[in-house]
Amino acid sequence: MKKLLSASFIYVAIACSLLAVGINLQGIPQLPKPAQEFIAKNFPNEAFLRGKIEVKGESVKEYEVVFGSGLEIEFDAAGNWKEIESKTLGINPLAISEKLAAVISQKRPNAKITSVSREKGGYEVELDGGAEFKFDAEFNLLGIDD
């Protein structure tokens with residue numbers, strides 16, 4: 001019986017350590033330096049609303065930040081952005097890349113970017129009209145899915 005309880009306790013302890021836990025982020029200064037610099041450079045007028053630090057085991061997995069305008073940014077543990085979303089105001093493409101901005105303004109001049117995510121080997125951009133643009137790592141356009 002003691003072995004069964006001991007084994008159960010170990011199993012529960014291992015299972016709990018594998019779960020990701022969210023910790024409230026109190027402000028931008030709690031983010032890694034690259035994330036702070038990205039926000040300061042590209043979204044200087046955004047007011048911090050709330051955030052979360054996702055921890056798995058003893059390591060930070062990612063950071064999520066929400067601003068008063070509805071802009072949301074997800075960063076990896078090192079502070080590199082993973083995903084940016086803004087369904088209401090749109091995302092300034094220059095915050096991502098001049099090359100990306102040029103392609104979007106040429107192909108869909110009146111569209112707003114609602115989401116940008118880093119994918120393996122490139123980027124995916126969603127527009128307010130529903131179109132999705134796929135770019136490689138150097139922001140060369142790979143395709144458009146309407």
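Biologist: Over how many bridges do β3 and strand β4 pair?

Modeller: First, the ground rules: this is a predicted model, where local features need pLDDT of at least 70, side-chain atom pairs count only at pLDDT 80 or more, and totals for chains, interfaces and linings use all residues. Residues are numbered from 1 along each chain as its sequence is written, and side-chain values use heavy atoms, with hydrogens and water left out. Strands (E, at least two residues) and helices (H or I, at least four) are DSSP runs numbered from the N terminus, and two strands pair if DSSP finds at least two bridges between them. β3 and β4 (residues 72-76) run antiparallel, and the number of bridges is 5.

Biologist: Which residue in β4 stands opposite V66?

Modeller: Look at the pairing of β3 with β4, which is antiparallel. Opposite V66 stands E72.

Biologist: Which residue in the turn between β3 and β4 has a positive phi?

Modeller: These two strands form a hairpin with 4 residues between them. A phi of about 100° belongs to G70.

Biologist: How many bridges join strand β2 to strand β3?

Modeller: β2 covers residues 48-56 and β3 covers residues 59-67. F48 stands opposite F67 in β3. Their hairpin has 2 residues between the strands, and G57 there takes a positive phi near 65°. The strands run antiparallel, and the bridges number 8.

Biologist: With which side chain does the side chain of S117 make a polar contact?

Modeller: S117 is found in strand β6 (residues 113-119). S117 is buried, with a relative accessible area of 9%. A polar contact is a pair of N or O atoms within 3.5 Å; within protein, one must be able to donate a hydrogen and the other to accept it, and residues adjacent in sequence count only if both atoms are side-chain atoms. At 2.7 Å, the partner is E119.

Biologist: What is the phi of F139?

Modeller: F139 lies in the loop between β8 (132-136) and β9 (141-145). F139 is buried, with a relative accessible area of 11%. Its phi is positive in a residue other than glycine, near 65°.

Definitions and conventions: Buried < 20%, exposed > 50% of the residue type's maximum accessible area, 1.4 Å probe, protein only.
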